Amino acid sequence: MRCPYCGNEDTQVKDSRPTEDNTAIRRRRFCPACGGRFTTFERVQLRELTIVKSNGRRVPFDRDKLMRSVQIAVRKRPVEQERIERMVSGIVRRLESMGESEIPSKMVGTLVMEGLSSLDAVAYVRFASVYRNFREVKDFEEFLGELSGPESDVDEDRD
């Protein structure tokens, strides 16, 4: 593994242990050239996944990109990192176990929406606003109306 600080290709593993959800191996590494310490994660990859965008373009699946988009949605929310990691790992496992190597981006978005709905309501709405491309306030109102269900219609009749 190449050192991220000095580029030395001869780094040493000082400690290895499974992550809390046992989906990866966490390795603490040391670079004898510069003395730098860093962490790497090793994960099982069942197959190479390709994401098919709505415009037909194909891009390799990137777990880190998925994690970043979820992190943006849950920013400044009281959600533990472990729960986020478990959700993302679950999504990746579901995608890999589908048996298809090409996955529509819509499928990934749907799985993220499902995961966020049970994780944090505000993060769910944040992600939905980007995923569904909200352009106006009424887009938010309609979406929130869908979330609250038919009960909101009863309240409006009372006014």
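Which residue in β5 is the bridge partner of Ile51? Let me start there: the partner of Ile51 is Val59, and that pair gives us a way into the sheet to which β5 belongs. What you see is a predicted model, in which local features need pLDDT of at least 70 and side-chain atom pairs count only at pLDDT 80 or more, while totals for chains, interfaces and linings use all residues. Residues are numbered from 1 along each chain as its sequence is written, and side-chain values use heavy atoms, with hydrogens and water left out.

Strand β4, residues 50-52, pairs with β5 in the antiparallel sense over three bridges. When I say that two strands pair, I mean that DSSP finds at least two bridges between them; helices (H or I, at least four residues) and strands (E, at least two) are DSSP runs, numbered from the N terminus. The sheet is an open one of three strands in the order β5-β4-β6, with mixed pairing. Its edge strands, each pairing on one side only, are β5 (58-60) and β6 (102-104), and the twist from one strand to the next averages 35 degrees.

Across β4 and β6 lies helix α3, residues 105-119, which runs at about 65 degrees to β6. Axes here are lines fitted to C-alpha atoms, for helices over the stretch in contact, and angles run from 0 to 180 degrees between N-to-C directions; contact means heavy atoms within 4.5 Å.

Turning to the other strands, β2 (residues 24-30) and β3 run antiparallel and are joined by seven bridges, with Arg27 standing opposite Thr40 in β3. These two strands form a hairpin with six residues between them, and Gly35 in the turn has a positive phi of about 85 degrees.

Helix α2, residues 81-97, has 17 residues and reaches 24 Å from its first C-alpha to its last, close to the 24 Å expected at 1.5 Å a residue, where the expected span is 1.5 Å times one less than the number of residues. Its buried residues, among them Ile84, Val88 and Leu95, pack against β3 (37-43), α1 (63-74), β6 and α3. Buried means under 20% relative accessible area, exposed over 50%, and partly exposed in between, with a 1.4 Å probe and protein chains only. Glu82, also in α2, is partly exposed, at 40%, and just after the helix Gly99 takes a positive phi of about 90 degrees.

By contrast, Val44, in the loop between β3 and β4, is exposed, with a relative accessible area of 67%. Not counting residues up to four places away in sequence, Val44 touches Thr23 and Glu96.

Finally, the largest pocket is lined by 21 residues, of which Lys53, Lys65, Ser69, Phe127 and Tyr131 lie nearest its centre. A pocket, on a 1 Å grid over the protein atoms alone, is an open set of points where a 1.4 Å probe fits, with protein on both sides within 12 Å along at least five of seven lines, and lining residues have an atom within 4 Å of a point. At least two lining residues come from each of β5, α1, α3 and α4 (121-131).
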